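Hi,

Here is the structure I said I would pass on. Have a look at it first, and then read my notes below.

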Amino acid sequence: MKLRISTLTLLLCSALFTQAANAEIAVITHPSNASAMDGGAISLIFLGKKKSFPDGSQAVPVSQTEDAAPTAEFNDKILKKSSSQLKAYWSKLVFTGKGTPPRSVDNDAAVVSLVSSNPNIIGYVDASAVNDSVKVVATF
């Protein structure tokens, strides 16, 4: 009986962890933004290597705080960097005066609010937080 409870608990924890680890990330823009983007273009904008959308309009990336759930997924799947690698990357650019990291906000709702109110902003959220006020340009 004790073995069954332990096995059931282990299976339940494994299922919950797998679901949390595979959360889908949506990259969002204002609905008026007609740009189509792939992961490479999104990465360039969030790493400060590109300052405009494919249509030529200014792109302003908005990130989420390091402790926000989508941040680790986004950094891993899109930027291909760990948290410490990203800190080192931005430290070097800030120190040399060649760039500043994207503005960070606390959660998905803050990103959706900013993106829906400014056509130049691009952000990322958990896909479940997307509503009609924003446009999804990519999911990962």
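This is a predicted model: local features need pLDDT of at least 70, side-chain atom pairs count only at pLDDT 80 or more; totals for chains, interfaces and linings use all residues.

**What I found**

I'll start with a helix pair: Gly 39, Ile 42, Ser 43 and Phe 46 of α2 meet Phe 74, Ile 78 and Leu 79 of α3. By residue type, that contact comes to five nonpolar, two polar and no charged. The two helices, α2 (residues 39-46) and α3 (residues 69-79), have axes 9 Å apart and pack at an angle of about 120 degrees. Because angles from 65 to 115 degrees would count as roughly perpendicular and those over 145 as roughly antiparallel, α2 is oblique to α3.

Several of those names come back in the largest nonpolar core. There are 21 residues in it, and the ones touching the most other members are Val 27, Met 37, Ile 42, Phe 46, Phe 74, Leu 79 and Ile 122. Two or more residues come from each of β1, α2, α3, α4, β4 and β5. Take Ile 42 as an example: setting aside neighbours within four places in sequence, Ile 42 is in contact with Val 27, Met 37, Phe 74, Ile 78, Ala 138 and Phe 140. Apart from this core lies another, of 11 residues, including Val 105, Val 111, Leu 114 and Val 115.

Now the sheet. It is open, has five strands in the order β3-β2-β4-β1-β5, and its pairing is mixed. At the edges are β3 (103-105) and β5 (135-139), each of which pairs on one side only. From one strand to the next the twist averages 35 degrees. Helix α3 packs on the sheet too, touching β1, β2 and β4, and its direction makes about 110 degrees with that of β4. Helix α5 (residues 108-117) lies across β1, β2, β3 and β4 and runs at about 150 degrees to β4.

Val 60 has Ile 121 as its bridge partner in β4.

- Thr 29 lies in strand β1 (residues 25-29). Is Thr 29 buried or exposed? With a relative accessible area of 0%, Thr 29 is buried. Beyond residues up to four places away in sequence, Thr 29 touches Phe 53, Val 115, Ile 121, Ile 122, Val 134, Lys 135 and Val 137.
- Asn 33 sits in the loop between β1 and α2. Its relative accessible area is 5%, so Asn 33 counts as buried. Leaving out neighbours within four places in sequence, Asn 33 is in contact with Phe 53, Asp 55, Pro 119 and Lys 135.
- Lys 80 is found in the loop between α3 and α4 (83-96). Lys 80 is exposed, with a relative accessible area of 61%. What about its backbone? Most residues other than glycine have a negative phi. Lys 80 is not a glycine, yet has a positive phi of about 60 degrees.

Cheers

Notes. Residues are numbered from 1 along each chain as its sequence is written. Side-chain values use heavy atoms; hydrogens and water are left out. Helices (H or I, at least four residues) and strands (E, at least two) are DSSP runs, numbered from the N terminus. Buried means under 20% relative accessible area, exposed over 50%, partly exposed in between (1.4 Å probe, protein chains only). Contact means heavy atoms within 4.5 Å. Axes are lines fitted to C-alpha atoms, for helices over the stretch in contact, and angles run from 0 to 180 degrees between N-to-C directions. Angles under 35 degrees count as roughly parallel, over 145 as roughly antiparallel, 65 to 115 as roughly perpendicular and the rest as oblique. Ala, Val, Leu, Ile, Met, Phe, Trp, Tyr, Cys and Pro count as nonpolar, Asp, Glu, Lys and Arg as charged, and the others, Gly among them, as polar. Two strands pair if DSSP finds at least two bridges between them. A nonpolar core is a set of buried Ala, Val, Leu, Ile, Met, Phe, Trp, Tyr and Cys residues joined through side-chain atoms within 4.5 Å.
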